[in-house]
Amino acid sequence: MISTGMVGIDDMLGGGIPRGSKVLYSMEPGVNGQLFMISAIYEALAKDLSCLVILPHTTVDAFLHDAANLRGSMLQITGRKIAFIDMIDRERIQRSAPTRDAAENEWRARINKLCKENQTEVIFGYFDVMYEEFGLERGFNLLESCPSDKTPTIIIEHLNFEGNHLLEQFIEKLSFDLVVSIRATFGLFPHFNFFTFVHTSWTPMQKRSVPFIISNGRIAPYIPKIVVTGPPESGKSTFVATASERVRSIDRTGLSDDTTPVAMDVGWLHWKDFDITLYGTPGQSQFDLSLPMILKNAMGAVIVVDVTRPDSFARAKHLITLISERRMPLVIAANKNDLPHRMNEVEIRTALDLKKNTPVFFISAKRNEDVRFVLESLVDFITQFSY
Amino acid sequence: MYFYKTGIAQIDGVSGGIEAGTNILLLAPPMSSAEQLAYAIIKPGPGEYSIVLSTNERAAEVVDFFKSAGCDKKFIGVIDAITKSSTPATADTPRLTFVSSPTDLTGIGIKFSNMIESIFEGTFADGETGLFPPPIRFCVNSLSTLLMYRKLEVLYQFLHILTAKQKRIEGVAIYLLNNESFDDKTLSLIKQLMTGVIEVKVDGNDNYFRIMGIRGTQADWQKFTINKGQVTIVP
């Protein structure tokens, strides 16, 4: 497998990209997604793979500086197996080749020579200029003609003006293995970037979209909202606090001197390349009116139940009904498993009337590894869920 | 509806300025004052912002023009598509950004989006803010250069997106094109994306313009001069 350079995305793809694959990063104009390709280049070089980078739109120096600005560190090419074809080479070809066929032959000759000399394992191509000059099939055929012993992996970035129609051609005519569409919602300005796995050949995966942000030179898949809810005193605040690197809690002291959230707990964590925001709700029924607002745009939910308090399960069941109406991934965190209790999974499932595919995890919300395991499972669920 | 003052009485006097969301093609022969005319029209008024995509002049030269016209440089952004090819290490600042060449439409699109985003977020002008929603004037100088690097079909698609975004942010944009270097098909295709056209001609040492498609304006040729970003109609 070859890494995308983004751990979270590798995980979604089942460990990365199989060698010899053809990968497309399709960029909608104006969307800041150049780090997808650049992350893959950095990763391939770090793994000492032999690379050919084709940059018809820029010079090598300008590319290296741009990549360093985006990534936060210079691409280390000294002593590495990397070759480039850049804008200057393209201009030479344009000057020397009188016809399109001649230019195509010259491109092919240069690519072949570099591939042969370096036994290229990965070709990175900025494709839109080649597409413009030679068309889809002839342009891509130039990259495929690389005469290495092993079929190289080909990863291209393409500025896509033609939308899904062009993506279908990459999949159907060119048999691409992975097609990732990088887009943004554009209101007054692009405020919400997301990528969509349009097609993967090696793993059964439904088409799905994941928002992302750029943080410290990395693409961070972004889960803007996971809601943590459950009956009162089931351990929701503890769950959010244990999971989060930073947490804010809006509390009111109750009669028993316990603190009970009357607004919400908000926690943030960066984990496995994901940036995740947790919203812990109050558990009392008088706050049910605010639940739809809190659930709006949520990508998943954790229901925390207290396994020592079967009497609270009716309330949990009601919350599950409210969340199920929203159609989102849901997991059950059966909390206080470290205390004496009698409920097993079957009894919990029966009491909550759970669907078969709703997972139940026995945890202590005080234990970081338990909480992270619940979140890991939910994130996995979210990234495979068709919203 | 916001109206962008141009300093040209034939436009401002009739309709109060150019309507928000307008895209204007500025057709002109080489060696005319078209570039100065375009800059004069997109010069930011109080509380407004201007962005120039420059394929002909370095960012510093563009900023100098606006400074000489009395503008506050904090409200001027430039996407420079020429400097980086000779000075690859040139680094972006919040208002001066660089792409490697006019070929790089990916980079141009991203820099444009980033600038618009920073204007809306209020981080563009060193903490100073103008009007909200921000009125943004935009100039592409020039389509002629972009057409030397990319095919018409591709540039058309790119402009289709750019003009649509310009409408959505309720800006005003002006696109320079040398009308002597391109055929009628090119001109008519690009005109399809525009709301109006300003045409410039040179007769002897004199420059003339006429305005077509901008509401309320007459399409007569007007002799004009420009001094420090101020357009004067010569009777």
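In chain B of this predicted model, 10 strands form an open sheet of mixed pairing, in the order β6-β5-β4-β7-β8-β3-β9-β10-β11-β12. Helices (H or I, at least four residues) and strands (E, at least two) are DSSP runs, numbered from the N terminus, and two strands pair if DSSP finds at least two bridges between them. Strands of a sheet pair through backbone hydrogen bonds, either parallel or antiparallel. At the edges of the sheet stand β6 (96-98) and β12 (230-234) of chain B, each with a single partner strand, so one side of each has no neighbour in the sheet. On average, neighbouring strands of this sheet are turned by 25° against each other, direction ignored. Here, axes are lines fitted to C-alpha atoms, for helices over the stretch in contact, and angles run from 0 to 180 degrees between N-to-C directions. Strand β11 (residues 222-227) of chain B runs antiparallel to β12(B), joined by five bridges, and Ile226(B) is opposite Val231(B) in β12(B).

Two helices of chain B lie across this part of the model. Helix α2 (residues 34-42) of chain B lies across several strands, including β3 (22-28), β4 (49-54) and β7 (136-141) of chain B, and runs at about 165° to β7(B). Helix α5 (residues 105-121) of chain B lies across β4, β5 (76-80), β6 and β7 of chain B, at about 165° to β5(B). Contact means that the C-beta atoms of two residues, placed from the backbone, lie within 7 Å.

Some backbone details deserve a look. Most residues other than glycine have a negative phi, and most peptide bonds are trans. The peptide bond from Phe132(B) to Pro133(B), however, is cis, with omega near 0°; Pro133(B) sits in the loop between α5 and β7 of chain B. Another cis peptide bond leads from Asn141(B) to Ser142(B), with omega near 15°, and Ser142(B) belongs to the loop between β7 and α6 (143-149) of chain B. In chain A, Asp48(A) is not a glycine but has a positive phi of about 65°; this residue is found in the loop between α2 (34-46) and β2 (51-55) of chain A.

Chain A is assigned domain 1 (7-216) and domain 2 (223-384), with bounds that come from an automatic or database domain assignment. The C-alpha centres of domain 1 of chain A and domain 2 of chain A are 41 Å apart. Their contact takes nine residues from domain 1 of chain A and seven residues from domain 2 of chain A. On the side of domain 1 of chain A that touches domain 2 of chain A, β8(A) gives the largest share, five residues.

Two packed helices are described by the angle between their axes and the distance between the axes. For helix α9 (residues 236-243) and helix α13 (residues 368-384) of chain A, the axes come within 9 Å and cross at roughly 90°. α9(A) and α13(A) are therefore roughly perpendicular to each other (angles under 35 degrees count as roughly parallel, over 145 as roughly antiparallel, 65 to 115 as roughly perpendicular and the rest as oblique). Phe239(A), Thr242(A) and Ala243(A) in α9(A) meet Asn368(A), Val371(A), Arg372(A) and Leu375(A) in α13(A).

The contact between the chains takes 21 residues from chain A and 29 residues from chain B. On the side of chain A that touches chain B, α3(A) gives the most, four residues.

The model scores ipTM 0.92 and pTM 0.83. Local features need pLDDT of at least 70, side-chain atom pairs count only at pLDDT 80 or more, and totals for chains, interfaces and linings use all residues. Residues are numbered from 1 along each chain as its sequence is written, while chains are lettered from A and ligands numbered from 1 in the order in which they are written.
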